[in-house]
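Welcome! Please take a moment with the sequence and the 3D view, and then let us walk through them together.

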Amino acid sequence: MTVSATRAHTDRFREIIVARLGLYFDDGRLEQIADVLRERTVATKSADVGAYVDRLAVTRHGAEEFRVLAEALTVVETFFFRNADNFRAFSERILPERIRAHADTKRLRILSAGCASGDEPYSLAIQVREALPDIASWDVKIVAIDLNPAMLAKASRARYSAWSLRATPDAVRRRYFRQDGKDFILDPVIQRMVTFEERNLVDDDPVFWRANYDVIFCRNVIMYFTADVMQRIVQRYRHALSPDGYLFLGHAETLRGISNDFHLCRSHDTFYYQRREAPPDTLDTLTSQGLWNGTTTTLPLETTAPWVDVIQMASDRIVALGARRREPSVDGPAAVVPPGAPIASEWDLAPVLEAMRRERFSDALDLLSALPADSHDDPDAMLLRAALLTNSGRLDEAQSTCAHLLALDELNAGAHYLMALCREHAGDASAATGHDQTAVYLDPSFAMPHVHLGLAARRSGDSATARRELEQAVLLLGREDASRLLLFGGGFSRETLLNLCRAELRTVAGGQ
Ligand SMILES: C[S@@+](CC[C@H](N)C(=O)[O-])C[C@H]1O[C@@H](n2cnc3c(N)ncnc32)[C@H](O)[C@@H]1O
C-alpha cells in the first residue's frame, strides 16, 4: 500500500506530537515525521493518513500508540558518565554538600528525567555509593523516568556494550561491572539503587512532583521541546527541588530566556543551576559581589515559538536594541521591531545607539541619563550603559553597572562579556575567563567572548586554546549581527576584528 502525506497532514501530526509528547520538529525535520506518519498509517491499517491523524487526535494520553510514537521519535543517545565534568561537579561539590546538609535525616533524593537506557542514573548511583560508605544507614532514592518503553526495558536489563562504557574510568568498570561475552552487566547492588518509571514529562502529576529532590539531572532532553513545554517543565522542577537543590541540563541547553528561578553555577569546567528563592538574598560569586539592589525581574518570553527560536530571541535582546520602534527623526531612518523580538521596555534607545555609532560616548551616556528615572533599571538600558562606560575606559563604573544588571538577569550573556573585560582590566584573569566562558555557554553564537578568550590564551602561551577560540571567533564574526558588533566590538569594524583574529592565528601557528 502506498501512502502519501500532505503538508497539512504532517503539520497536524506535528502539532499532536508537540501537545502530547512535548517534542518539536522544525521544518528541517519534517520529512522524518512524515516518514513516521506514513509508517504508522500502514501499521495501524488506517484508511489513509487523514484517518490516522483524526484518530490520533482523540487518542488518550499514554495510550499504546503514543508509546510506539515515543519509541520512533525520541533521540536516545546516552552513555555512562557522559559529560564527565557534570559528574565531577556532582561527586566533588554537590554530593558532599548534600550529605553534610542531610547528616541528621540521612535522606537523599535524586531524579534523572529523560534517563534513556539508564546509563545516567546508574552513573549517579555509582557515585552515591562511592560517597556513602555507610549507605545502609541512609534513605537514598534515585528515581529515573522516561517516556520511551524500549529504553526503560534496556535499563532494567542493565546490560551494556563497551561503547556505553567509553567514558567510564577503568577502576569503576572493574568494580561495578561483570563482563559477559562482549557485554558488561552492572552490579545488582547498583541496579537496586535506581527506580525506573515510564513517565511523560509533559503530563502533570502533583503527587509525583511533590518530591523535594536534592538534584535533578535532565540533560539533552528539553532541547527537543517547544519553549512553552520547556518553561512548564522547568517550573515543575523548581517546585520539585528542595530550596537549595540543583538542576543539571545538557551542555547545549541553558535556562536563558526560559526561567529566572535559578542561579547559574559554574565549577569543574561546567555549568549547572541552583534553585533560588525570590527575591534572592545571595548572589552567585560569578555575578555581583554585594551589589544586589533587592529588586528582581523576569524576561519577557515568546511562548509559542520553538525553543531554539526563543533562545535565539532571548540571547539577542541586545540586538533588538538597535531596532526599537520609533518615530522617524533627524537621527536617522525609523527602525522597526523584528517580529516577535522581546522588548523589555518602551525606552527609545535608538538615539543613544546612534551617538555610540558615532563614537560620541559621553553624549550617549548623557542621553541615557536623560531618560526617565525608571529607565535606569531597564536591563537593555543598563547593558548599553555598561558598554558605553567600557568604551569610555570607565571600567570601575562599567563593572558596577554589569554587577547590577547581573543581579537582575543572571543569564545575560552581554553583561558577562563586559564583566570579563572589567575583570581583566582589574588584573583578575581567572574571573575574566570565567565570565567569558559563561557568556559563551549562554549564547554560543556570541563572537566577542571567543575573541577575548583567544587573545588571553595567546598572551598566556596556551596555543591550543588560543587557536580553538580564535578559529571559533573568525567563524562567528563573519555572521555576527551588526548591532551586537556595535555594542561589544570595542569600536572596531567586523573586518578589523577578523583581521586581528587571523593575524593572531598566524602568530600562534608561527610560534609552534
Ligand atoms: C538524548 S536522551 C538523554 C539521555 C540522558 N539524559 C543523557 O543525557 O545521556 C533523551 C531522552 O529523553 C526522553 N524523553 C524525550 N521526551 C520525553 C518526555 N516528554 N518525557 C520523558 N522523557 C522524554 C527520550 O525518550 C530519551 O530517552
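This is a predicted model: local features need pLDDT of at least 70, side-chain atom pairs count only at pLDDT 80 or more; totals for chains, interfaces and linings use all residues.

**Cysteines**

Cys402 is buried as well, because its relative accessibility is 0% and buried means under 20%. Which cysteine sulfur is closest to the sulfur of Cys402? That sulfur belongs to Cys422, and the two atoms are 5.0 Å apart. A disulfide needs the sulfur atoms within 2.5 Å, so the distance between Cys402 and Cys422 is too far for a bond. Searching the whole structure gives 0 disulfides.

**The chain as a whole**

Stepping back, you can find 23 helices and 10 strands in the protein chain. The chain has 512 residues, and buried residues make up 54% of them. Now consider the contacts in the protein chain with a separation of 6 or more: 69% of these join residues 24 or more positions apart.

**Two pairs of helices**

Two packed helices are described by the angle between their axes and the distance between the axes. Here are two pairs to look for in the 3D view.

| Helix pair | Angle between axes | Distance between axes |
|---|---|---|
| Helix 1 (residues 7–21) and helix 4 (residues 64–73) | about 100° | 12 Å |
| Helix 2 (residues 30–43) and helix 3 (residues 49–57) | about 90° | 9 Å |

With an angle of about 100°, helix 1 is roughly perpendicular to helix 4. On the helix 1 side, the contact is made by Phe13, Ile16, Ile17, Arg20 and Leu21, while helix 4 brings in Phe66, Leu69, Ala70 and Leu73.

For the other pair, the angle is about 90°, so helix 2 is roughly perpendicular to helix 3. Leu37, Arg40 and Thr41 of helix 2 make this contact with Val49, Tyr52 and Val53 of helix 3.

**Aromatic rings**

How many aromatic pairs does the structure hold? There are 18 aromatic pairs. One of them joins Phe81 and Phe87: the ring centres are 5.3 Å apart and the planes stand at 65°, so this pair is edge-to-face. The cut-off behind that word is a plane angle over 60 degrees. Phe81 and Phe87 are both buried. They also belong to a cluster linked by ring pairs, together with Phe90, Phe217, Tyr246, Phe248 and Tyr272.

Rings can have charged neighbours too. Arg166 lies over the face of Phe79, 3.8 Å from the ring centre. Over the ring of Phe184 you will find the charged end of Arg173, at 5.1 Å from the centre of that ring.

**Two loop residues with positive phi**

Finally, have a look at the backbone in two loops. Asn212 is found in the loop between helix 10 (206–209) and strand 7 (213–218). Its phi is near 65°, a positive value in a residue other than glycine. Is Asn212 buried or partly exposed? Asn212 is partly exposed, because its relative accessible area is 40%.

Where is Glu359 placed? Glu359 sits in the loop that runs between helix 14 (350–357) and helix 15 (361–369). Although Glu359 is not a glycine, it has a positive phi of about 60°.

Key:
Residues are numbered from 1 along each chain as its sequence is written. Side-chain values use heavy atoms; hydrogens and water are left out. Rings of Phe, Tyr and Trp (its six-membered ring) pair if their centres lie within 6.5 Å; planes under 30 degrees apart count as stacked, over 60 as edge-to-face and the rest as tilted. Buried means under 20% relative accessible area, exposed over 50%, partly exposed in between (1.4 Å probe, protein chains only). A charge sits over a ring if NZ of Lys or CZ of Arg is within 6 Å of the ring centre and within 35 degrees of the ring normal. Axes are lines fitted to C-alpha atoms, for helices over the stretch in contact, and angles run from 0 to 180 degrees between N-to-C directions. Helices (H or I, at least four residues) and strands (E, at least two) are DSSP runs, numbered from the N terminus. Angles under 35 degrees count as roughly parallel, over 145 as roughly antiparallel, 65 to 115 as roughly perpendicular and the rest as oblique. Contact means heavy atoms within 4.5 Å.
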